[in-house]
Amino acid sequence: MRALLPLALLLSFGAAHAQTLLPLDSRPATRVLPALVAGLRGANVQVPPATLLGTATTGADPAALGAWLQAQPNTGPLIAALDALAYGGLVQSRTSPLSAEEALARLAPLRTWQARTGQPVYAFITLPREPDATNRARNLAVVRAVMDWAREGHLKELHVTWDDALPGSPAPGEGAALAQEAPGNVRVYPGADEVLSMLAARALAPEAATVRLEYSDPKAAQAVMKYEGIPLTQSALNHAQGAGFTVVDGRADLTLYVYNGGDPRRAALRVSALLRQGPVAVADVAQVNLGNTRFWGDLRTLRQHANLRALAAWGTPGNNLGSALAHAKLSLRGADPIRQDALLAREFTNDVIYSAQVRARLRAQIPEAQLNTPEGQAALKQAAEGFFPLRVGNTYTLDDAELPWGRSFEWNFTLEEKK
């Protein structure tokens, strides 16, 4: 049997033509998933060890992270979450006591990166969520400064995104104002955890591609979404364009099927029909952080989950749209078939098995406050093992599992390909 060690698989080929990723923080969704997406076509991906990145309680050490960054080979693009270096991570960007000048000083090496190395920088920075943000004026000043860097050509591309905009959040209004000021190489839209994967798609799959968007409930897709402050249709358009697609109404290189409610069986049959016409990716956004078990169960019965270009159901609507589109963009041309199947297996394991089934079992067995214990970690493995082996194209068993932030929201795990 061959163990599918996600980052070891990507980092074991040496330094030639390496792409460097600077993740938002140490969560698997922001560190492991973007690296696997970036490595789909066989690229060597350099990503910091989790110990150098921020957690829920501790920000990244900017000196250590900067030293790691300077030590990376300059043979491919730098794809960076600016909040990681400026503030220590996404959580810390909301409450950091740093001044705008201090945060920008930490980002100074990225301002000169392109001139020093000859390699492009693709970057993003977030507008913090309410009510957690303690200094929105400081964050906005930093965003405007790095927008100037993009305008001056120091960044090849910059995405300015806003995080978890609940009703009443000022972020959509701030974003609209920034969009009016933005140069052509700056995009402004709601998002956060998915954006590094999208930038990887832009940097590593720059060829033109078209996508057609289809919704299981087209009328409901017009409604404003809780976490983004815009309609689902607009979010899908933003993420498609952000990942490098042109959205069309007719025949396209890819169909993104957005499951946003309605009859799950009918939706599964529709996906099966679409797959007979061409490449399909699926974003399940009907519930936040929770895949629809009936929909995915029917797709699995039809053996169609293995034929998708990408799937996502793990987070907010924007998280799922962006990560599915990024994966699909890199999978359309030249993806390594072993890596593609392994990534689909990981997505199904995380987004469907864990989010919709294992997490609930774990919470029923162990109080949340006790998960960051040996007993909690053991309960995780026990709750998950019954869902394996998992057959996608190949068959996978669960080799290891952990709760890296000591909470039930996310897990990290290793799959092993069964021979």
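Reader: Leaving aside neighbours within four places in sequence, which residues is glycine 376 in contact with?
Author: This is a predicted model. Glycine 376 lies in helix α16, residues 374–385. Setting aside neighbours within four places in sequence, its contacts are Leu362, Ile366, Gln370, Leu371 and Leu403.

Reader: Is glycine 376 buried or exposed?
Author: The cut-off for buried is under 20% relative accessible area. Glycine 376 has a relative accessible area of 0%, so this residue is buried.

Reader: How many Å apart in space are glycine 376 and alanine 38?
Author: In sequence, glycine 376 and alanine 38 are 338 residues apart. From C-alpha to C-alpha, the distance between them in space is 32 Å.

Reader: What is the order of the strands in the open sheet?
Author: The open sheet has 6 strands.

Reader: Which residue in β7 stands opposite leucine 158?
Author: Strand β6, residues 157–162, runs parallel to β7. The two are joined by 5 bridges. Opposite leucine 158 stands valine 186.

Reader: Which helix lies across β6 and β7, running at about 145° to β7?
Author: Two helices need sorting out. Helix α10 (residues 195–204) lies across β2, β4, β5, β6 and β7, and runs at about 155° to β5. The helix asked for spans residues 232–242. This is α11.

Reader: Is glutamine 19 buried or exposed?
Author: Glutamine 19 sits in strand β2, residues 18–22. Not counting residues up to four places away in sequence, it touches Ala43, Asn44, Val45, Gln46, Gly76, Pro77 and Leu204. Its relative accessible area is 9%, so glutamine 19 is buried.

Reader: How are α13 and α15 oriented to each other?
Author: The axes of α13 (residues 293–301) and α15 (residues 337–365) come within 11 Å. They cross at roughly 135°. The crossing is left-handed. The two helices are therefore oblique.

Reader: How do the residues of the contact of α13 with α15 divide?
Author: From α13 come Thr293, Trp296 and Arg300. They meet Phe348, Val352, Ala356 and Gln357 in α15. The contact divides into 4 nonpolar, 2 polar and 1 charged.

Terms used
Residues numbered from 1 in each chain as written. Predicted model: local features only at pLDDT ≥ 70, side-chain atom pairs only at ≥ 80, totals over all residues. Heavy atoms only, no water. Helix = DSSP H or I, 4+ residues; strand = E, 2+ residues; numbered from the N terminus. Buried < 20%, exposed > 50% of the residue type's maximum accessible area, 1.4 Å probe, protein only. Contact = heavy atoms within 4.5 Å. Axes fitted to C-alpha atoms, helices over the stretch in contact; angles between N-to-C directions. Parallel < 35°, antiparallel > 145°, perpendicular 65-115°, else oblique. Left-handed = near helix turned anticlockwise from the far one by under 90°. Nonpolar A, V, L, I, M, F, W, Y, C, P; charged D, E, K, R; others polar. Pairing = 2+ DSSP bridges.
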